[in-house]
Amino acid sequence: MTKKIIGLLGVALSCCALATGCSSSHSESSDNANSNEMVDNQSYKLAYFEATANSDLDHQYYSLGFYKDGRLVKKNLQSNRDNYTEIIIPNLDSPYVKEKDSTYYIYRAPYTMYNQPVIKGKVTKKE
């Protein structure tokens, strides 16, 4: 009888520990990039955000460049080590970056948009 009670108590404590761990990790990973704290932070004009070609299939590498105080800041990011989040916003006029707690939030337009209206015209000069 006491073995059953001890066993049930052990299972209950294990479930509580797992539930607590899951809820804390969920709150960390669900940081809202549009929170009030982020709105107050300064945004920087995005220069580039490019995937770097490599043979490592487990980890993606990126090069991030943005203008901070008039000069180009370059960062190399790894998908397994660095904190960054891409926020895709259709019809975004100019891409930008926000930084909060060593996490980069990259706001950009999608690379490809489907079902766009057909644009007709003639190119007269290149600028």
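Biologist: What percentage of the 127 residues of the protein count as buried?

Modeller: In this predicted model, 19% of the 127 residues count as buried. The protein exposes about 10400 Å², of which carbon and sulfur atoms supply 53%.

Biologist: Which secondary structure elements does the protein have, and which pattern do they follow along the sequence?

Modeller: The protein comprises two helices and six strands. Along the sequence, these elements follow the pattern α-α-β-β-β-β-β-β.

Biologist: In what order do the six strands stand in the open sheet?

Modeller: A pair of strands requires at least two bridges between them. Here the open sheet has the order β3-β2-β1-β5-β6-β4, with mixed pairing. Because β3 (71-78) and β4 (83-88) each have a single partner strand, they stand at the edges, and one side of each is left without a neighbour in the sheet. Neighbouring strands are turned by 35° against each other on average, direction ignored.

Biologist: How many bridges join strand β1 to strand β2, and which residue of β2 is the bridge partner of glutamate 50?

Modeller: Seven bridges join β1 (residues 43-52) to β2 (residues 61-68), and the two strands run antiparallel. The bridge partner of glutamate 50 is serine 63, in β2.

Biologist: Is threonine 103 buried or exposed?

Modeller: Buried means a relative accessible area under 20%. Threonine 103 has a value of 13% and is therefore buried. This residue lies in strand β6 (residues 103-108). Apart from neighbours within four places in sequence, threonine 103 is in contact with Asn83, Tyr84 and Lys98.

Biologist: Among contacts between residues at least 6 apart in sequence, what percentage join residues at least 24 apart?

Modeller: In this protein, 34% of those contacts join residues at least 24 apart.

Terms used
Residues are numbered from 1 along each chain as its sequence is written. This is a predicted model: local features need pLDDT of at least 70, side-chain atom pairs count only at pLDDT 80 or more; totals for chains, interfaces and linings use all residues. Side-chain values use heavy atoms; hydrogens and water are left out. Helices (H or I, at least four residues) and strands (E, at least two) are DSSP runs, numbered from the N terminus. Buried means under 20% relative accessible area, exposed over 50%, partly exposed in between (1.4 Å probe, protein chains only). Contact means heavy atoms within 4.5 Å. Accessible areas come from the Shrake-Rupley method with a 1.4 Å probe; for residues, only the protein chains shown count as cover. Axes are lines fitted to C-alpha atoms, for helices over the stretch in contact, and angles run from 0 to 180 degrees between N-to-C directions.
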